[in-house]
Amino acid sequence: MRYGSLLILNYFKSIFDSKANSIPAVISIIAIAISIFSLILVLSVMKGFDVKVKQKIIASFPHIIIKTNKEYDFSRFNEIKSFNKTFESYLGIILNKKFDIVQIKGVKDFNSIKKVSSKLDLNKFNESKDHLPVVVGRNFSHKYNKTIGDKFELLIPDFTHRKPKIKTIKGYIVGVSDISDVNTNRLYTTNKYAKDFIGHNTSFIEIVLTDPFRSKIVSNLIIKEFKELKFKVIDWQSVNFSLFNLMKLERISLAIFLSFLIVISATTIYSNMISLITQKKNEIGTLILLGSKKNSLIMVFTQIGFFVGLIGVIIGTFFATIVILLITKTNIINNLSIDLSFYGIDGFPIVFSATYYFYIILFSILIIIISSLLPSYFLLKKDVESLIRRDY
Amino acid sequence: MLLEVKNLTKQYENKVVLNEIELQINEGDFVSIIGPSGSGKSTLLNILSLISNQTSGTYNFLGESNKTILADYNYLINSRKKIGIMSNLSELIPDLSIKDNILLPGYIGNCLNEIDSVYKELINLANIVNLQNEKPINISSGERQRVLLCRALVLNPEILIADEPTSNLDESNALNLIEHLAYLNNKNNITIIIATHDQRIYTKTKIIYGLSNGKLN
Ligand SMILES: Nc1ncnc2c1ncn2[C@@H]1O[C@H](COP(=O)(O)OP(=O)(O)OP(=O)(O)O)[C@@H](O)[C@H]1O
Ligand SMILES: [Mg+2]
């Protein structure tokens, strides 16, 4: 066996042989394991939350919105999955003799809703000249206890006169879709009916992309093609910019805060090493007298501290991985009946991120090396004479 | 001439421990340095063993100034290999067996194979063959002293410097040890320098120096 490994093994053993050394070492290991565990887990959950929120936004909202009343054909952009001209407006509604505010949203034709809501049944739809046909969501239908064929009154603010007036029109439900809409109080009608019944509205084009994360690039392509749309194109990432930034900021500040945990637990290694080296001072002096190089002794003690820390890192990483796998691969959160519906996201937000693992482990190993290196470095800077002298 | 000390002074702060000392040691000498406690014996031996530096004066180790040697770390390590150091401050590493403790200089210098025969000879001579696998905590102080001696000699040094080799030893053990040293000196022509205040011991050496009030005579 090489002498370095012989000594490392010897001192490593001596740490765990005596209670005076093993208890602080075990505390270091646990402290490091806990810090690594929480850092990995918290960041994975934060990242998971970020991913889920983005997924939710991507699924619920168009990826690019263009404010224009004109018609455009984007079919030549092959990154654009679909585009729809639409409008949105708010109206009053009287249902069951109660007043409420609803949003009305335009679609090209009712059949286009079928793409997202396969259960929508439009067979009974027959056109009426004095009633505005609308499709409502399942939740709306439940909330007001209304279904196909039911009629109601809509109140439309009319600003075309000097004194604003309220126009009353009649509407009826032609279909109930099963879209789980963000907005319960939303009615769909076609752009054409809307123009006939409600009048002029500012409309816009909603675009859905094959890869939502390329929304900025596609936006720029659109602007390049249609210069007049320069200030009218906005994509989902820009709309939610401050939210995403806030989540990122939150992640960074938590990461910094939890990194301090690692630093603090690594300092326990520092003090362990100080006490180990002070105990072994005379032995170290003897080793130097017998021909050991100071640098190789610094290496020996650095490696001992490093191994102690490494055990902590391995334990922490191991348990963090187990927990992440348990959550992502099994149904444990549901089985524990933890209710997450409040957050409006599906499933527990956690992701396995190799990048996080890499940086967290790299950072902690660096800190551990520094805190194992410094004690032996300071001690071995002293001259041999003082190393072999006994301090009684 | 192996070692040559000229006009050497060592002082700690204001306290002069060695005062303009002259000393010459030739190959094959068996020297004892005697003197009361606190007279500076260990201080002198530490300088001779290239552990510490003098305040002024010169010390030539095998013809080279110790200042030159101490300034060059690799040179220093190579020079120390020529000295076997045995002192009561030397430690045995508690978790290593007696065998590994004695072989430690071989582990460190990466020359275990070359010293194997020397090792066997030494443990026979020191009569510690049956202690090889013991841990240092389980051996007596006389045995410990012999183990330290074996370790000091395992690299076949030209010079053995021993600081109070017989402290903690009873009469028979002390006499055994000094006989052992005399044997090594006779047979292997190894140069030996010991510091002691044990009269039974120094009378057995060829040259005796007395150290008092910082002066050697
Ligand atoms: N590092 C030091 N700093 C200050 N004074 C020291 C130091 N080392 C030794 N001394 C002083 O130098 C003097 C000589 O010490 P030294 O250890 O050489 O004596 P010694 O002859 O070996 O004594 P003993 O027989 O008790 O071992 C003592 O008075 C001691 O206090
Ligand atoms: Mg002494």
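## Basis of the model

The model is predicted, so local features need pLDDT of at least 70 and side-chain atom pairs count only at pLDDT 80 or more, while totals for chains, interfaces and linings use all residues. Residues are numbered from 1 along each chain as its sequence is written, chains are lettered from A and ligands numbered from 1 in the order in which they are written, and side-chain values use heavy atoms, leaving out hydrogens and water.

## Chain A

Chain A contains 13 helices and nine strands; helices (H or I, at least four residues) and strands (E, at least two) are DSSP runs, numbered from the N terminus. Its radius of gyration is 34 Å, whereas a compact globule of 392 residues would have a value near 21 Å. This radius is taken over C-alpha atoms, and the globule rule is 2.2 Å times the number of residues to the power 0.38. Along the principal axes, the C-alpha trace of chain A spans about 105 × 50 × 40 Å.

Of the 392 residues in chain A, 47% are buried. Buried means under 20% relative accessible area, exposed means over 50%, and partly exposed lies in between (1.4 Å probe, protein chains only). Among contacts in chain A between residues at least 6 apart in sequence, 79% join residues at least 24 apart; a contact means heavy atoms within 4.5 Å. Chain A exposes about 21,600 Å², of which carbon and sulfur atoms supply 62%; accessible areas come from the Shrake-Rupley method with a 1.4 Å probe, and for residues only the protein chains shown count as cover.

Chain A carries 50 positive and 29 negative side chains, and the centres of the two sets lie 3 Å apart. Lys and Arg count as positive and Asp and Glu as negative, without His and the chain ends; each charge is placed at NZ of Lys, CZ of Arg, CG of Asp or CD of Glu.

## Aromatic pairs

Rings of Phe, Tyr and Trp (its six-membered ring) pair if their centres lie within 6.5 Å; planes under 30 degrees apart count as stacked, over 60 as edge-to-face and the rest as tilted. By this rule there are 15 aromatic pairs over all chains. A:Trp236 and A:Phe244 form an edge-to-face pair, because their ring centres are 5.6 Å apart and their planes are at 80°. A:Trp236 is buried at 3% relative accessibility, and A:Phe244 is also buried, at 10%.

The pair of A:Phe306 and A:Phe307 is tilted, because the ring centres are 6.1 Å apart and the planes are at 50°. A:Phe307 is partly exposed, with a relative accessible area of 32%. Ring pairs also link A:Tyr72, A:Phe74, A:Phe77, A:Phe83 and A:Phe226 into a cluster.

## Chain B

Chain B has eight helices and ten strands. Its radius of gyration of 17 Å is close to the 17 Å that the globule rule gives for 217 residues, so chain B is as compact as a globular protein of that length. Its C-alpha atoms fill a box of roughly 45 × 40 × 35 Å along the principal axes.

In chain B, 56% of the 217 residues count as buried.

## The setting of B:Pro165

B:Pro165 lies in the loop between β7 (159–163) and α7 (171–188) of chain B and is buried, with a relative accessible area of 1%. Not counting residues up to four places away in sequence, B:Pro165 touches B:Met86, B:Gln145, B:Leu177, B:Ile194 and B:Ala195.
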